[in-house]
Amino acid sequence: MDQSSLNTKKLRARFALLYAIALDKNYIDTTDVSVIMPAVNYYKRHGSPDEKLKTHFYLGRIYLNAHRFEKAAYEYALAESEAEKSQDLVQKGLLFMNFSYLYNWIHNNDKQLEYAEKGLACYREAGDSSRMNLSYGDLARAYHGMREWDKADSLYHVGIEKMRHDTLVVSNLLSNYAKMKTIQSEPDPHGAISLLESLSQKYHQPLSIIDYGVYAYASDMIGNQATCDRIATTGSSEGLVIAFWVDICVLNLSCRILLLLILYKELFCIILFV
C-alpha cells in the first residue's frame with residue numbers, strides 16, 4: 001500500500017494498528033514499537049474503547065516480544081481498563097490470555113491461572129470454539145505451574161486432542177506435558193519419553209534443548225544411564241549441553257545434576273541435593 005495516501009492522522013493511526021495486528025497474526029514477532037506509535041499517539045485522545053483496547057494490547061505484545069515485561073504489563077493494564085467499556089469479547093479474551101502468558105514468564109502462578117480462566121470465559125461467551133480449544137492448553141500450563149497435577153494432566157490430554165491438527169500448538173503442549181511428567185509428585189518418566197518420541201516421530205519436530213534435558217533426565221530415572229550420558233556428551237542440544245558438561249566435569253558431578261540444570265535453566269538459583 002502506498003502510505004503517501006494516508007494524509008490524515010486518523011488514517012495513519014488506523015493503518016498502524018491494522019499493520020501491527022497483521023504482523024502479530026502472521027507470527028512476525030516484531031520488537032519495533034515505531035510500527036504502532038501513530039496509533040498510540042492518536043488514540044490517546046480519540047477513538048472508541050475497542051480501538052484503545054487493541055492499541056494498548058498490541059503495543060504490549062511488541063514489548064512482550066522484546067521481553068520488556070514491565071512495559072508489557074503496563075500496556076496490558078491500560079488495555080484492561082478499556083476492556084471494561086468494550087463489547088469485543090474475543091479481544092478481551094486475547095488480552096486476558098496474554099496476561100496469563102506474562103504471569104507465566106515471571107512465575108506468578110496464581111495470576112497465570114486467574115487470567116487463563118478469565119480468557120477462556122470470554123471465548124466461551126463469544127462462542128469462539130477455536131480459541132476455546134486453544135485455551136485448554138493454556139489452562140494445563142497454568143495448573144502445571146500450580147502443581148495441581150491431576151487437573152493439568154487432564155487438560156493436557158484435552159488440549160492435545162482438540163489441537164491435534166495444529167503442529168505448532170501440539171508440539172508446545174507435548175514438550176510441557178513431558179516436562180511435567182518428570183517433576184510431578186508421582187513421576188512418570190516412561191510417559192515423558194513417550195510424549196517426546198511422539199513429538200519427534202509423529203509430528204516430525206526437532207527436540208529443543210529443554211526437551212533433550214527432559215528426555216535424558218527421564219532416561220536416568222528409569223535406569224537408562226547410557227542414554228542420559230549419550231545426550232550429555234554428544235552435544236545434541238546445540239552447545240548448551242556441552243557448556244553445562246564442562247562445568248559438570250570440573251565439579252565432578254553426575255549426569256543427573258547436569259540434566260536438572262538443563263531442565264530448570266530458566267531459574268536464577270538452583271539448589272540440588274544428590
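Which helix holds Ser219? The residue is found in helix α11, spanning residues 209-221. Helices here are DSSP runs of H or I with at least four residues, and strands are runs of E with at least two, numbered from the N terminus. The model is predicted, so local features need pLDDT of at least 70 and side-chain atom pairs count only at pLDDT 80 or more, while totals for chains, interfaces and linings use all residues. Residues are numbered from 1 along each chain as its sequence is written, and side-chain values use heavy atoms, with hydrogens and water left out.

Ser219 counts as buried because its relative accessibility is 1%. Buried means under 20% relative accessible area, exposed over 50%, and partly exposed in between (1.4 Å probe, protein chains only). Leaving aside neighbours within four places in sequence, Ser219 is in contact with Ile193, Asn224, Thr227 and Cys228. Contact means heavy atoms within 4.5 Å.

Helix α3 covers residues 49-65. Its 17 residues reach 24 Å from first C-alpha to last, close to the 24 Å expected at 1.5 Å a residue. The expected span is 1.5 Å times one less than the number of residues. α3 is mostly covered, with 12 of its 17 residues buried. Among them are Leu53, Phe57, Tyr58 and Leu64. The cover includes α1 (9-25), α2 (37-43), α4 (69-83) and α5 (89-105). His67 follows α3 and has a positive phi, near 60°.

Two packed helices are described by the angle between their axes and the distance between the axes. Axes are lines fitted to C-alpha atoms, for helices over the stretch in contact, and angles run from 0 to 180 degrees between N-to-C directions. The axes of α1 and α3 come within 10 Å and cross at roughly 50°. That makes α1 oblique to α3. Angles under 35 degrees count as roughly parallel, over 145 as roughly antiparallel, 65 to 115 as roughly perpendicular and the rest as oblique.

α3 and α5 pack at about 25°, with axes 11 Å apart. α3 is therefore roughly parallel to α5. On the α3 side, the contact residues include Leu53, Phe57 and Tyr58. Leu95 and Trp105 are among those of α5.

The largest nonpolar core has 70 residues, of which Ile36, Tyr58 and Leu95 touch the most other members. Its largest share, eight residues, comes from helix α9 (residues 167-183). Such a core is a set of buried Ala, Val, Leu, Ile, Met, Phe, Trp, Tyr and Cys residues joined through side-chain atoms within 4.5 Å.
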